[in-house]
Amino acid sequence: MSLRFRRHHFLCVLGFQGEGYSDGFTANMDGIVSGRLRAPGGAEVEIEVVGAADDICAPCPGRRGAGCVKQARIDALDAAHGAALGLAPGDRIRWGDALDRIRGRVMPGDLSTLCAGCQWLELGLCEAALSRLHGADG
């Protein structure tokens with residue numbers, strides 16, 4: 001069974017370390033990340049790129065139908081991440097191929113621009129995960 005991701009969620013998933021907007025959101029995100037993508041065979045999980053609320057958004061307290069209370073910010077993140085990763089709604093990609101694409105197109109330090117305005121950026125979890133993906137951190 002494939003997953004549905006907004007474009008900015010590819011990098012969010014990379015940096016996820018068990019924190020979220022609510023207990024329900026965090027449990028759902030952990031199920032997707034630890035239970036599917038980081039589990040054995042996770043590289044083969046197919047992801048459909050969507051332009052609205054996705055499988056990660058499902059239990060988010062900020063979700064409003066197919067949108068978000070911070071829709072303008074989410075749209076900006078999706079546009080920036082889509083351009084950086086070469087992904088658009090309707091695309092399909094396996095998680096392992098997405099990791100290769102992230103590694104090839106997003107360099108350590110890029111998140112300060114790509115993720116500008118994201119409340120999670122200041123925690124440094126995504127930047128640390130990106131550095132690890134590039135082999136700079138272990």
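How many bridges join β1 to strand β2, and do the two run parallel or antiparallel? In this predicted model, three bridges join β1 to β2 (residues 46-49), and the two strands run parallel. The views below begin with this pairing and then turn to the helix that lies across the sheet, to the largest cavity and to the largest pocket.

**View 1. The open sheet is formed by three strands in the order β1-β2-β5.** The pairing within this sheet is mixed, and the parallel part of the picture is that between β1 and β2, where F5 has V49 of β2 as its bridge partner. The edges are taken by β1 (3-5) and β5 (92-94), and because each of these strands has a single partner, one side of each is left without a neighbour in the sheet. On average, and with direction ignored, neighbouring strands are turned by 35° against each other.

**View 2. Helix α4 lies across two strands of the sheet, β2 and β5.** The helix covers residues 95-105 and runs at about 90° to β5.

**View 3. The largest cavity holds about 70 Å³ of space.** A search of the whole structure finds one cavity of 30 Å³ or more. Its lining is made up of H8, L11, C12, L77, H81, C115, C118, L121 and C126, and the elements that give two or more residues to this lining are α1 (9-15) and α3 (71-85). By class, the lining residues divide into seven nonpolar and two polar, with no charged residue among them.

**View 4. H81, a residue of helix α3, is one of those lining the largest cavity.** With a relative accessible area of 2%, H81 counts as buried, because that value falls under the 20% cut-off. When neighbours within four places in sequence are left aside, H81 is in contact with R7, H8, L11, L114 and C115; of these partners, H8, L11 and C115 are also named in the lining of the cavity.

**View 5. The largest pocket holds about 550 Å³ of space.** The pocket is lined by 32 residues, of which H8, H9, Y21, F25 and W120 are the closest to its centre. Two or more residues of the lining come from each of α1, α2 (23-37), β4 (67-68), α3 and α6 (125-133). The class make-up of this lining is 17 nonpolar, ten polar and five charged residues.

How values were computed: Residues numbered from 1 in each chain as written. Predicted model: local features only at pLDDT ≥ 70, side-chain atom pairs only at ≥ 80, totals over all residues. Heavy atoms only, no water. 1 Å grid on protein atoms, 1.4 Å probe; cavity = no way out; pocket = protein on both sides within 12 Å on 5 of 7 lines; lining within 4 Å. Points joined across faces, edges and corners; volume = space filled by probe spheres on them. Helix = DSSP H or I, 4+ residues; strand = E, 2+ residues; numbered from the N terminus. Nonpolar A, V, L, I, M, F, W, Y, C, P; charged D, E, K, R; others polar. Buried < 20%, exposed > 50% of the residue type's maximum accessible area, 1.4 Å probe, protein only. Contact = heavy atoms within 4.5 Å. Pairing = 2+ DSSP bridges. Axes fitted to C-alpha atoms, helices over the stretch in contact; angles between N-to-C directions.
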